[in-house]
Amino acid sequence: MVLVYTSSPEGQLKKSAFEAVTFGHKTAQQLGTEVVALTIGNVNNAGVLGQYGAAKVLNVAGADSFDSGSHAAIIAQVANQIGANVVVMPDDSTGKSLLGRVAVRLDAGSVSSVKSVPDTGAGFVVQKNVFSGKAIAAYNISSDKKVLSIAGNTFPPEVVGADVAVEAASVDVPANRVRVKEVNTVKGTVPLPEAELVVSAGRGMKDPGNWGIIDELAEILGATTACSRPVADVGWRPHHEHVGQTGVAIRPNLYIAIGISGAIQHLAGVNQSKTIVVINKDPEAPFFKAADYGIVGDLFDVVPRLNEAIKKFKAAN
Amino acid sequence: MKLLVCVSKTPDTTTKISFTDNDTALNTQGVQYIMNPYDEWYALVRALELKEAAGGTVTIINVGPADNDTVIRKGLAIGADDAIRIDTAGGSAYFVARQIAEQAKVGAYDMVFFGKETIDYNGSQIGAMVAEMLEMPFISYATKMDMNGNTATIARDIEGGQEIVEVDTPFALSAAKGLAEQRIPNMRGIMMAKRKPLNVVAPIEVSDKVSVASYTLPPAKQDCRYIDAENMDELVNLLHSEAKVI
Ligand SMILES: Cc1cc2nc3c(=O)[nH]c(=O)nc-3n(C[C@H](O)[C@H](O)[C@H](O)COP(=O)(O)OP(=O)(O)OC[C@H]3O[C@@H](n4cnc5c(N)ncnc54)[C@H](O)[C@@H]3O)c2cc1C
């Protein structure tokens, strides 16, 4: 059996949950078994996970706020109850504190941020980026039980079935020792790690007052905004927008870098993007080496022109 | 308070990566090693600040061979009181976590600090593993932390924002940017570090469950296609019909 833990911030399943179930379904097919999805706390519309391949959805009530200790205990109990050999979870802020804990509890081998469906031809091999995207490692897990977290925006959700009923799982729910006091998230936009389209700007913007053209571009594309580190450091942009080695690592379908030089530490967080567009007035900017499409020009001319072109395209399509 | 900071040694960010032994091992020739930045800048410095404010000790722990002593001495020069090195070539995340947990149990620490990930294997697993082995609460990606008696208030990064949590000692956390500011060791620190205790201990027996089968380099990026800055219609068309992203 494959067990997929889905995170559900504020009771809502997100794309990462559908991606994890899709990954779990593919893995289960390879192993000739089924996938069971697990939700914890009060979750809206969890039956929808059946559409992505879950044969069954289990819910554990009564642990609404996140504590990796109690959540790991719940996941491990459910895994044991259903006889899961593989446990899958998203590599998000919950997965990052759960993966190691669940692995220890189940005495399982674990790999984080997996980017390939397991190869079960000889052993159980999964791939993961290492050295900040500069290489890929193939890991073999030799233990009976395996716990994996999967990289975001890597396994597009696939609808393969219909809604299923949600069943209550009966487990001991340990008391939380971490007390969640506040959750402060931006509303109305897709959080960066989940965004498919990202518009990012750097020091080339000169002044925080110039961000209007970036916000406009993001808005007409339906993209999330990001920035380089120095721009967040001086407070031109909020800290959670900072991408790169020390900030958020992302892998959107489209990353548009505007007035960013492309330092290696910046690239470390964005080099997994599927398509990269670079707008920079310096033809020697290192970012062009990592770009799919490059525009050499002054961003204050190019971006408004791009905005007009996209508006025209959107109106026609 | 007794504080334990787990530090690792990693290739410098700008290292050019290549492999040897049939693509099963990193080619270490010419590689410059550093202390993992999240361990050094954020975890270690925040631990030192807590000690300076409320007293206590800061111990550094590293799992690795004698070569790692330079990195450990740097941590002592920045201000840690003593260090433990578990003398082994290393292994999987689980192997390393077991070694750390074994020592941490003996020391009965109030807090155990990790970096949010190492910049080589980007695993982000060891903190959670050690926390589970020690039965401690664990807070990942901490960007701010204040102590009030035995209670910590911690901000941690979550998707699109942050979560504020409260937790009582003992606990473990992983440190991200914001938790503290990098400190450069001064001459006095470097001199004193030479005399601080660095205890070398033998590893415990742990069998690995995960191993690297092989490494590959990502496929070479195609050359950048340049588009006339006057012709944004062309870019939009390419993004639509060629890249298929809009
Ligand atoms: C250990 C370490 C970790 C780091 N982590 C990160 C990280 O996580 N993320 C990160 O981003 N950085 C990180 N950095 C910093 C990084 O090295 C760079 O300094 C930083 O990314 C540069 O930001 P920038 O590209 O916005 O600014 P700059 O390097 O100043 O580049 C500005 C660019 O804008 C262009 N420009 C200027 N005016 C215009 C115009 N009118 N039109 C078009 N283009 C214009 C310039 O040609 C230039 O290329 C880290 C550094 C270190 C040492």
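A polar contact is a pair of N or O atoms within 3.5 Å, where, within protein, one atom must be able to donate a hydrogen and the other to accept it. The legends below describe a predicted model.

**View 1. Polar contacts and salt bridges between chain B and chain A.** Between chain B and chain A, 38 residue pairs are in polar contact, counting pairs with both residues at pLDDT 80 or more. Ten salt bridges are found across this interface, and in one of them Glu132(B) is joined to Arg105(A), with the closest N and O atoms 2.8 Å apart. On the side of chain B that touches chain A, the elements that give two or more residues include helix H1 (37-54), helix H4 (126-133) and helix H6 (232-242) of chain B.

**View 2. The extent of the interface.** The contact draws 78 residues from chain B and 83 residues from chain A, and the area buried between the two chains is about 7,000 Å², with carbon and sulfur atoms giving 56% of that area.

**View 3. Strands paired across the chains.** Strand E10 (residues 179-185) of chain A pairs with E11(B) in the antiparallel sense over six bridges, and within this pairing Asn184(A) stands opposite Gln162(B) in E11(B).

**View 4. The surroundings of the ligand.** The site is shared between chains, because residues from chains A and B surround the ligand. Of the 27 residues around the ligand, those that come nearest are Ser228(A), Ser261(A), Gln265(A), His266(A) and Asn280(A). A backbone N or O atom of Ser261(A) lies 2.7 Å from an oxygen atom of the ligand, while for Asn280(A) a polar side-chain atom lies 2.7 Å from an oxygen atom of the ligand. A backbone N or O atom of Lys281(A) lies 3.1 Å from a nitrogen atom of the ligand.

Technical notes: Residues numbered from 1 in each chain as written. Chains lettered and ligands numbered in written order. Predicted model: local features only at pLDDT ≥ 70, side-chain atom pairs only at ≥ 80, totals over all residues. Heavy atoms only, no water. Contact = heavy atoms within 4.5 Å. Buried area = accessible area lost by both parts, 1.4 Å probe. Salt bridge = Lys/Arg side-chain N within 4 Å of Asp/Glu carboxyl O. Helix = DSSP H or I, 4+ residues; strand = E, 2+ residues; numbered from the N terminus. Pairing = 2+ DSSP bridges. Near = heavy atom within 4 Å.
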